[in-house]
Amino acid sequence: MDITARFEIACMYCFANEVPALWEELKANGKTEKYEGPLRSEMVPKMLPFWVRWILEGAQVPWTQAAQEFLLPRWFLSSKNSLSSSHFRVLMPEERRLLLPHLGYLCRADDLRFCLYVLTKEEQDKVMESCCIEVLELHMNWPLAREFLKTAEKAWNFLFEYSFCIVLESLLEHRDRTDFDFEYLAEEFWKRSPIHFKEFWF
């Protein structure tokens with residue numbers, strides 16, 4: 001694999017031991033210039049600017065400390081960057097709490113799934129409170145569809161009538177898919193829903 005690709009992958013997944021060594025290899029081969037100017041490409045890994053800046057500034061502080069400053073919630077909420085699970089792992093608990101209500105907005109589907117896996121029960125409830133639709137729609141894809149009804153049971157306290165309708169409509173739109181029986185999921189979701197949700201539907 002090309003050295004630049006290896007470097008960018010290491011940055012993407014925060015392979016802290018590999019990044020500096022790969023940078024030195026890039027430097028030895030005269031391939032660092034492309035990283036020393038503005039990085040505007042949409043294809044640039046989201047953590048690449050952080051690692052390049054950290055290296056160019058001489059790695060004055062531990063990378064985990066620098067990452068926490070780089071990944072402050074204000075940075076995410078005021079930019080077009082997305083939050084990956086590798087980003088999320090390096091955040092301090094206080095910063096995680098600030099980000100929880102925004103995970104549905106900040107994360108792509110796969111990253112949201114991995115972030116949910118590392119959350120405590122209390123943190124998961126915070127996410128469900130603000131991102132319930134996104135979490136349920138995430139579970140409309142194989143293989144997570146097997147867990148949809150179980151996840152829905154946790155969602156009733158956080159769903160409103162309008163969000164219930166959105167989720168049910170999404171399930172019905174998937175009826176023709178062959179990777180899972182979404183008609184069954186829609187029927188069960190309807191059967192298990194509170195009566196006031198059913199009344200609102202009609």
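# Helices, salt bridges and aromatic pairs

User: Starting with glutamate 153. What is its relative accessible area?
Analyst: Glutamate 153 has a relative accessible area of 41%, so it counts as partly exposed. Buried means under 20%, exposed over 50%, and partly exposed lies in between (1.4 Å probe, protein chains only).

User: What sort of model is this?
Analyst: It is a predicted model: local features need pLDDT of at least 70, side-chain atom pairs need pLDDT 80 or more, and totals for chains, interfaces and linings use all residues. Residues are numbered from 1 along each chain as its sequence is written, and side-chain values use heavy atoms, leaving out hydrogens and water.

User: OK. How many helices and strands?
Analyst: The chain has 14 helices and zero strands. Both are DSSP runs numbered from the N terminus: helices are H or I with at least four residues, strands are E with at least two.

User: And how much of the chain is buried?
Analyst: Of its 202 residues, 44% count as buried.

User: Back to glutamate 153. Which side chain does it meet in a salt bridge?
Analyst: Arginine 192, at 3.8 Å from N to O. This pair links distant parts of the chain, 39 residues apart. Glutamate 153 sits in helix α11 (residues 148-155) and arginine 192 in helix α13 (residues 182-192). The cut-off is a side-chain nitrogen of Lys or Arg within 4 Å of a carboxyl oxygen of Asp or Glu.

User: Which other glutamate does arginine 192 bridge to?
Analyst: Glutamate 188, with the closest N and O atoms 3.3 Å apart. Both residues lie in helix α13, four residues apart, about one turn of the helix. Glutamate 188 counts as buried, because its relative accessibility is 14%.

User: How many salt bridges in the whole structure?
Analyst: Nine. One of the pairs is lysine 27 with glutamate 24, at 3.9 Å from N to O.

User: Why are lysine 27 and glutamate 24 separated by about one helical turn?
Analyst: Because they are three residues apart in helix α2 (residues 18-28). Lysine 27 is partly exposed at 47%. Glutamate 24 is partly exposed too, at 44%.

User: Switching to aromatics. How many pairs?
Analyst: The count comes to 12 aromatic pairs. Take phenylalanine 7 and tryptophan 23: their ring centres are 5.6 Å apart and their planes are at 50°, so the pair is tilted. It links distant parts of the chain, 16 residues apart, with phenylalanine 7 in helix α1 (residues 3-12) and tryptophan 23 in helix α2. Both residues are buried.

User: What's the arrangement of tryptophan 51 and tryptophan 54?
Analyst: Edge-to-face, because the planes are at 90°; the ring centres are 5.5 Å apart. The rule pairs rings of Phe, Tyr and Trp (its six-membered ring) with centres within 6.5 Å; planes under 30 degrees apart are stacked, over 60 edge-to-face, the rest tilted.

User: Where do those two tryptophans sit?
Analyst: In helix α3 (residues 48-56), three residues apart, so about one helical turn separates them. Tryptophan 51 is buried, with a relative accessible area of 0%. Tryptophan 54 counts as buried at 13%.

User: Which residues form the aromatic cluster?
Analyst: Phe148, Trp156, Phe164, Phe189, Trp190, Phe197 and Trp201 form one cluster.

User: And tryptophan 63. Where is it placed?
Analyst: In helix α4 (residues 63-70). Tryptophan 63 is buried, at 18% relative accessible area.

User: How far apart are the C-alpha atoms of tryptophan 63 and phenylalanine 50?
Analyst: They are separated by 9.4 Å, with the residues 13 apart along the chain.

User: Last topic, glutamate 169. Which helix holds it?
Analyst: Helix α12. Glutamate 169 is partly exposed, at 41%.
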